[in-house]
Amino acid sequence: MYDINQIRADFPILERTVYGKPLVYLDNGATTQKPRCVVEAITNEYYNTNANVHRGVHFLSQQATELHEASRETVRKFINARSTAEIVFTRGTTESINLLATTFCQSLMEEDDEVIISVMEHHSNIVPWQLQARLWGITLRVIPMNDRGELLLDEYEKLFSPRTKLVCVTHVSNVLGTVNPVKQMIATAHAHGVPVLVDGAQSIPHMRVDVRELDADFYVFSGHKVYGPTGVGVLYGKENWLDRLPPYQGGGEMIQHVSFEKTTFNELPFKFEAGTPDYIGTTGLARALDYVSALGMDNIAAYEHELTTYATRRLKEIPGMRLFGESEQKGSVISFLVGQIHPFDLGTLLDRLGIAVRTGHHCAQPLMTRLGIEGTVRASFGLYNTKEEIDVLVAGIERVRKMF
Ligand code: PMP
């Protein structure tokens, strides 16, 4: 059912070499490679169906519009949203969060109101809130974690006050791999009458996500991390919340009627989509979601779990190995340090062996501060990685370790 050779054959880049060595791509947390069908969908649209969407009476424009809106339906189905009105296309997770931070704080928050975030957030779920906090006099409260990298839910409960207006938490940590119990955290927030934004950048590629089952008020993700193209992403929001928010950017598409005296805005989701959308990107994204859906998100999750378990066991055999993030529920991300070797040195030397890993703070500096380190090496797996590649990684680390 899960034919790894067939799957790898779908990704042409996996056949290439780096410094004469077969590429071992273990940087899927940063971005994923694209299957041929995604690239072909993009090329095909440029060659055969390219025209600006929504505004045209002509044949091509209508066809491009149909493709674009069909992609919205594909996204809706993929996350089980109630309506396509709840699917806003953005440039990615970062823009989705900035859109929400700007419009939510501007319209629904007052001075001294509070937003709860967690210690393991990516900068893109910290800085947009800080920018708004500075403008409106809002306070950020931070959920702490234990040394295994699990959020402290008792402490989370204690952070709520009558001034809490929003909770923003990542589904899966891009550094620790922790899968946060977001369903439970959402229930807690709702008991306090507070909505929740879930950062799904690291969950959407790896597990089945049902926004209605989670009861998430907002859920955001990037296309490029789920085998789709760069430059396109999604903000899911419950219709009753999106309705209460003002537009983010002004321009074409987002209006109903414009005069110099008064402008009225388009219906959802177009109210939030000013300008020509990346309609080619949305086609690519939809094709990517079709691709992972055909493999089965549960199959992908099971396969990647097996890989991560194997990698964890093998990495632990290496003397001086320190793993960061040993939560009970863990996704396919492993952060580590080996002895006194600087992560940048380890990453650079692994690169010479054809192994692509990420090094540094992974856009999570407050988390690094909590861990008392400057950075880690991070191996993150995707649906096409293999145990053989993990063996190459382990052998590579051993080789570097002996050099030091
Ligand atoms: N949140 C998390 C948890 C991430 O891992 C990332 C990407 N590293 C982002 C947000 C930002 O995603 P993007 O750069 O695609 O907007």
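**The ligand and its surroundings**

A polar side-chain atom of Ser222 sits 2.7 Å from an oxygen atom of the ligand, a polar contact (a pair of N or O atoms within 3.5 Å). On its own the ligand has 390 Å² of accessible area, and the protein covers 85% of that; such areas come from the Shrake-Rupley method with a 1.4 Å probe. Keep in mind that this is a predicted model, where local features need pLDDT of at least 70, side-chain atom pairs count only at pLDDT 80 or more, and totals for chains, interfaces and linings use all residues. Residues are numbered from 1 along each chain as its sequence is written, and side-chain values use heavy atoms, with hydrogens and water left out.

- In Asp199, a side-chain N or O atom is 2.5 Å from a nitrogen atom of the ligand.
- Gln202 places a polar side-chain atom 2.6 Å from an oxygen atom of the ligand.

**The shell**
- Residues around the ligand (those with a heavy atom within 4 Å of it) include Thr93, His122, Asn174, Ala201 and Lys225.
- Which classes make up this shell? The shell has one nonpolar, nine polar and two charged residues.

**The domains**
- Domain 1 (4–27 + 296–403) and domain 2 (40–294) divide the protein, with bounds from an automatic or database domain assignment.
- The C-alpha centres of domain 1 and domain 2 are 28 Å apart.
- Across the two, 35 residues of domain 1 are in contact (heavy atoms within 4.5 Å) with 30 residues of domain 2.

Note on methods:
A polar contact is a pair of N or O atoms within 3.5 Å; within protein, one must be able to donate a hydrogen and the other to accept it, and residues adjacent in sequence count only if both atoms are side-chain atoms. Ala, Val, Leu, Ile, Met, Phe, Trp, Tyr, Cys and Pro count as nonpolar, Asp, Glu, Lys and Arg as charged, and the others, Gly among them, as polar.
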